[in-house]
Amino acid sequence: MPTASIRKFALSLPKRVVPLLLLSLAFASACASVRAQAIGANRGDIGATGGTDVIQGHIVSPTGKLPNTRIRITLSSTNGGVRSTTADADGNFTFSGIEPGPHDLVIDAGKDFETGRESIFVEGSQPIYNVPIYLRLKPEANPALAGVPKPAQDLYTKALDAEHKNDDAKAISLLTDAIAQYPQFGLAHGELGMLYLKSNQLDKAVEELKAAQKALPDDPQIAFNYGFALGGKNDYVEAEKPLRRAVKLMDKNAQAHMFLGLALMRQKGTDAERQAKIEEAEKEFQQSIKLGGDSAGRVHYYLAGIYWSRRDYKKAADELELYVKASPKASDAEQVRGTIKELRAKK
């Protein structure tokens, strides 16, 4: 996900809401897994192999509903060999005892879904790594392709293949051709929007994702992506609408709750209107924490800003301590530690 657009959205909280706090650019890493896929549990706890870190995953279906069969996840690494587990009914899974280094996840969700793949580099500085996994339906099983002419479908499939090979320029060209053949092709608009977002072309991203949402109003990931892109353009009022939609359609997605909270927190209005928005943002941040989707602790950072603005210095300090605990090597960690001391000294 492009750092510049994330910076615009996540680092532009009002100073009077987050006094003296500078939001860390580490926020970008929390969103790195918001990918150009179709964006796309008894908790499995696999025994330790000598490491101390934990990978927690949450699987999201493009339809909002997970397959009836158990989803199998395989973890492989050069140091730890190969391990596997299954996701629970909510799409959650856990691997514990992870050693630092590169790791690969392979997700088998059955015959209707493409095999998912995610790469994770564990640095050892974070105790828990939260990884959202976005499933992608195979073309023959995707109802969103119903009625799409076969030539346009073929171009779309070739575009996905080019994207998997990291040839984004070719993918953009193929998707543009597919849309030219079938202008109401929602999946192609959505994929093209994500590629534009990836390259920080926000105006084009918003245009394509708006068209995608019009064609596929019940696709939760398109709603999320559209809200994220609008937030990247500082259009927080408009971003709130699709982000609310995304939260409604996939309530267990921690990122959706976090970005909705940011969109609410950034809006202007009367003091009463802003207070209502901030109170709602607080609830969204708390829900994001409950769902465990922020291994770097940024949601605690945002909550600290809310409590600080209310002069609840103890709560603000508590939240900042949780942030530093989650990201002890963050670029602003030392500054935040100094801020914590100042807050503790306030009456």
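In what sense do β3 and strand β6 (residues 101-108) pair, and over how many bridges? The pairing is antiparallel and extends over 6 bridges.

1. Basis. This is a predicted model, in which local features need pLDDT of at least 70 and side-chain atom pairs count only at pLDDT 80 or more, while totals for chains, interfaces and linings use all residues. Residues are numbered from 1 along each chain as its sequence is written, and side-chain values use heavy atoms, with hydrogens and water left out.

2. Overall content. The chain holds 13 helices and 8 strands (DSSP runs numbered from the N terminus: H or I of at least four residues for helices, E of at least two for strands). Of its 347 residues, 54% count as buried (under 20% relative accessible area, with a 1.4 Å probe and protein chains only).

3. Strand β3. Thr 74 stands opposite Val 106 in β6. Strand β4 (residues 81-86) runs antiparallel to β3, joined to it by 6 bridges; there, Gly 81 is the bridge partner of Ser 77. Strands pair if DSSP finds at least two bridges between them.

4. Helices α3 and α5. The axes of α3 (residues 150-164) and α5 (residues 186-198) come within 11 Å and cross at roughly 25° (axes are lines fitted to C-alpha atoms over the stretch in contact, with angles from 0 to 180 degrees between N-to-C directions). The two helices are therefore roughly parallel to each other (angles under 35 degrees). Tyr 156, Leu 160 and Glu 163 in α3 meet Leu 187, Ala 188, Glu 191 and Leu 195 in α5, contact being heavy atoms within 4.5 Å.

Note on methods
Buried < 20%, exposed > 50% of the residue type's maximum accessible area, 1.4 Å probe, protein only. Parallel < 35°, antiparallel > 145°, perpendicular 65-115°, else oblique.
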